[in-house]
Amino acid sequence: MPIKFNKLLEQSRQLNSHIYNTSLPILERDLDQIENQSRKLAAKALRAGDGIIDTGACCLLANGGFPVEQVSQIMENLNTLTLATTFEPLQPIPDTDIESFLNLELENIVLKTIEQGKNQITKDFNDSFEKSIHKDWKNTKQKLCDHLEHSTVISSNSSLNSIDDLHNTANTLMFTQVPFTELANDSSKQIQVKEYANVVKKINQIRNELKSAKVFNLFYECSLKIARINSSIQSVSDSWRLLTYIFKESTIGNKIDESLIKEKQFTNIRATSKDVPDTNMNEFNSLIINGSKKYFEDTFWEWIQKEVKDNTGKIFNNDSKQSVIDTISLFISFRLKKYGEWDQSLELINSFPIWSCIFYLIRSGHFAEAIYYINDIDDKLFSHKNDLMFIKYIKIWIDNKFTLNKKYRDEIKNDWNERIRSSIDQNTIKGDPFKHCLYKIIGRCDINFKNIPDQIVIPSVEDYLWVHLTLVQNGNNQRISTTTSAISTTFPSIIFDNDTYTYDQMVTNLLKYEPNYFNQENIWNMVLIICGKFENVVDFLFSRDQYHVEAVHFAIAFAYYGLLRITNSVYSIEYLVNETRAKKTKSVIATSSSFDSSYTAPTIKSASFNLGSKLNSYSLAKSSKNNPFISSLNVITNKNKSNAYGFEKEGTTDNDITSIISKFNFARLIHQYSNNLSTQYPDVALHYLYFICLYGIELDQDGKEDDNSEMNDFIPKAQENSSEEEKTIAKKYTQLTYKYIQELVLLQKSESIPHFFGKVNSDGGIQSLSEIEQYKNLIHIHDHSHFIKYLIKPTARSCENEGRLADAVYLYNLSESYETVVDILNKQLSDALASHQYTLTQDHPVILAQNIMQNYVKQPSNFGRLESKQKTCAILIKLTRFMDAYQRNSLAEALSIMKELDLIPLEGDMTKVMMKAEEFQNLDKNIVRLFPELLTTTMRCIYGLWRMIKNQKEVFMSENSSKEQLTQMNTFKKMARMIIVFTGTIQSQIIVYS
């Protein structure tokens, strides 16, 4: 028989002798290798009709001695075979062979699951990567834009979609210095910042008590302190003082008065989405006119008193009418006398220029004293009938609140035409210039005639502005004729019906000048305030490096009262949006003022009447280029030609400047300033961010405005009547404030977070109100639940995304999101184990998890619902210690911990294995994902201990020790078998999960 088998073997080897070259070695393969190779060949096999062997392959076979034709024939035969059923059983599997069927199905399911998992992971990775790239680029672009001062670098219409686009933009534009960077290095600026910060905090404290603050007055007092250190701030102090006069803060003193202007009181007046009633607009304009006029009168009187004291040494402390008149008389004596003689142009009554005295009394705001003086000189003018009538008109003008009816004005004009007008030459006035000016002011005589009084009457720009304000008759604008004066000057001119000179006409007139025309930037700042161009006031200050800080606080003050118009887009990169308000059909506004044709503004103010410091002149053309927050007021088109202020001109006709509205990016200015304070003065930075919410409204739990707010009684009616669009914008400003607060907190160290969001007691309650929650009313936070939803939880999510585990856990714990806290801990512990972070350092997640769990265990009433998650966390903590012990080669300790966990059956029988397999199905995914590593590590521990005992057995050969060691070795073998059986039982579940 053996011979026959050997012969049969030899014959079988000869079957393929015609194919293989006997000179080549024969590859030996076992059955498994043959099957694997067959499967690969079947997968690569050509389908029928897929072509012949490549020419290169034929050459290769021919060089190897293979018959190409025979091989080609064999390949063609193979191509006709169907390989789909190559590995299927030759005989059908019987329906009763359940085991074979299940094995086949299991294999197919595993392969299919693995393939689907790979595809899904690839897709999820690509989607996540793409989303992350877009998010990172969006955040990076926003941060870049926040630090670019030039507003045209990236506009809202630009399409910056990649880093290359930004690189190309950077190559074509020059970026100016980032604002406020000088704050960190300049010691004088540090003092300035601290002084203003104290005022800002005080304002917020008053607001938080639902009271009204004298904002302008507080900033004025602060600027006076700073001016003692930095004299250039004195000019800014004058502007603050002007605003206290306009908004009546200078007359209230330190008492709380009901007449105080409320927060956001002028929001309706400064609205741009709807027409403002004429009555409300006239009241607001009157506020500016009367306050500005009073300011120039009081400052003029202060200057007179100072001049009298410096020149005569006399001080009149008595405020009686006669004392005021005596002071004015002394002032006139050394002011208008030259070498002991009165100026020849003055008209003397009893050797005294009474008209100058009357003028200076009116100019200094002493109207009761003027009437007293007029009554005193009545008998002296007995022989001057016309003059006697005129001073009576002056008394009527004062008593009637600086207006005369048409009858009286006509009588004055008749007297003017008969006696005064004939003395007027083109460039000179023959007669008393003070009397001439009084006729112009009281009787509004020849208001559109371009004769200029002597400079002795209006020597300074302040005098010029005062005359403007005195002539204004605020009310409905009346139709204007188009007749122009025959006498040309450097100023535009038209003629008004009924001697009308309105506030809008004055604004149009004043804004035609260039800032450097006055040769003092302080004056131009005041001009902008008088004209109600509050956005331009901030622009004017921000355009100067030394006034960056002042610009911020002027913006805050204007925003507090609702005077500052803001952009609708809270995230806009554009700093200014210009709009043109439609004119009302019932009135026509002048394009220039007639008064300018009568009085030319002095280009240099008198050296003796100096309210501000000597500063360099300023050009608004420069401001339009360099200031990112506001530019010129014009909307430039191809046909328009802009003048030096940015007000557009088309051809030779001036457009109405008063119809152009600027909106200011207040939020961005405050954000940039607070960013520079966030590191050194985070609490102060928060107080600045609170002001952005001046333009916001309260959000309810659904992110909508809440009509039941405690603050609603304090909020002006403007918000109650707001349109849906305005409410949407207001909600965005509130959300923006929350976003900036979160960013500021994230910049702080971990130990500072409790200061901003609150501390937790051992019983889980809030220990004290945090820095932010103390001022929740200012940021439209209704209650603690709102505080959690809009500030604490978003900040916690940001910490979680940035990998700040301890901060995220603290904030979630503070927001009572205990389930989220445990989920994060479990995820972090699982990730640490999966990434082989076994060493228990101080920053290891297990340390934090232990502390949190200890607190939860002490309060089962609050955290009882977290029992299952707490159990998972406890298991992960012990697993971490198990892996740490194994890494330290403490195998016995590690195995002891695993026995204590009882996750893997190490003792018992098959019943115990099946029970643990069922428990495995209910384990948390954070534990299940670790099981392959846990099983392997446990087996290594068992093997290591078994090996150690075996080595000891070989060394110590005593009978008793040998039996004990043998028992231990058998125990470890049993443990190993239990692990193997258990692994086989849960194998499919582990594979499916993986």
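## Lys248, after helix H9

Lys248 has a positive phi, near 60°, and follows helix H9. Helices are DSSP runs of H or I with at least four residues, strands are runs of E with at least two, and both are numbered from the N terminus. The model is predicted: local features need pLDDT of at least 70, side-chain atom pairs count only at pLDDT 80 or more, and totals for chains, interfaces and linings use all residues. Residues are numbered from 1 along each chain as its sequence is written.

## Helix H9

H9 covers residues 234–246. Its expected span is 1.5 Å times one less than its number of residues.

How many of the residues of H9 are buried? The count is 12 of 13, so H9 is mostly covered. Buried means under 20% relative accessible area, exposed means over 50%, and partly exposed lies in between (1.4 Å probe, protein chains only). Among the buried residues are Trp240, Arg241, Leu242 and Tyr245. Asp238 is also one of them.

## Two exposed loop residues

Tyr339 lies in the loop between strand E1 (337–338) and strand E2 (341–342). Its phi is positive, near 55°, and Tyr339 is not a glycine. Is Tyr339 buried or exposed? Tyr339 counts as exposed because its relative accessibility is 86%.

Asn350 sits in the loop between E2 and helix H12 (354–363). Asn350 is not a glycine either, yet its phi is positive, about 55°. At 56% relative accessibility, Asn350 counts as exposed.

Note on methods. Side-chain values use heavy atoms; hydrogens and water are left out.
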